[in-house]
Amino acid sequence: MGSKNLPLIFATIVFFLLLNLPSQTQATVGALVSKVCMQSDSYKSCVQMLISHPQTSAAHTVKQMAQNALVLAKKDAIATSNFFTGLASTIPESKPALLQCAAYFKEAVMFLNLKGLEEGSASLDVHYALDQAGSCETALSSARVHVASATDRIQKWKNVFSAAYAAVVTVEN
């Protein structure tokens, strides 16, 4: 092996190391996710939610992560509202309570805004969104509506909410 091959061997080793070592970005995202999820009620579900979405895992700052998490929570609130609207058409006897839930989640959408991050009121705004989920649960309970898919959908939204709330609290602290 002559000295002519030395640069090629060196370049191959460097290339191999770059491919197999975690990038600085991955390490930074992991640290951000960990920092945010320490503020969550459920560290595990928070981590799962944040790393499973490319928008949040692409964040370079806690504020970007909070913005992305709020966008995800807003999208999920819309999807949850649509879920309850659809469910109401399939269970006529529970339609009023289910439509009430759809309305509550539509209201939750307005509380999940990026403006609160700038004004420092995001944690309060986001908490109002959680109140809407609680109002939905109360409406279902009062109407004696027991539908597993509705309960599961609310819990899914709460998991997304919890990660967004944790991100917002981290920004505000």
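**View 1. Cys 101 and Cys 136 are joined by a disulfide, with 2.0 Å from S to S.** A disulfide here is a pair of cysteine sulfur atoms within 2.5 Å. The pair ties together distant parts of the chain: Cys 101 sits in helix H6 (residues 95-111) and Cys 136 in helix H8 (residues 122-142), 35 residues apart. Helices are DSSP runs (H or I, at least four residues), numbered from the N terminus. The S-S torsion is about 100°, so this disulfide is right-handed. Cys 101, at 0% relative accessibility, counts as buried, and Cys 136 is buried at 0% too. Buried means under 20% relative accessible area (1.4 Å probe, protein chains only).

This is a predicted model: local features need pLDDT of at least 70, side-chain atom pairs count only at pLDDT 80 or more, and totals for chains, interfaces and linings use all residues. Residues are numbered from 1 along each chain as its sequence is written, and side-chain values use heavy atoms, leaving out hydrogens and water.

**View 2. Here Cys 37 is bonded to Cys 46, S to S 2.1 Å.** With a torsion of about -75° about the S-S bond, this disulfide is left-handed. Cys 37 and Cys 46 are both buried. Counting bonded cysteines along the chain, the disulfides follow the pattern 1-2, 3-4.

**View 3. Helix H5 (residues 62-90) packs against helix H9 (residues 148-172).** Their axes, lines fitted to C-alpha atoms over the stretch in contact, lie 8 Å apart at an angle of about 160°. That makes H5 roughly antiparallel to H9 (angles over 145 degrees, on a scale from 0 to 180 between N-to-C directions). What kinds of residues make up the contact of H5 with H9? They divide into 21 nonpolar, three polar and four charged. Nonpolar covers Ala, Val, Leu, Ile, Met, Phe, Trp, Tyr, Cys and Pro; charged covers Asp, Glu, Lys and Arg; the others, Gly among them, are polar.

Notes
Helix = DSSP H or I, 4+ residues; strand = E, 2+ residues; numbered from the N terminus. Parallel < 35°, antiparallel > 145°, perpendicular 65-115°, else oblique. Buried < 20%, exposed > 50% of the residue type's maximum accessible area, 1.4 Å probe, protein only.
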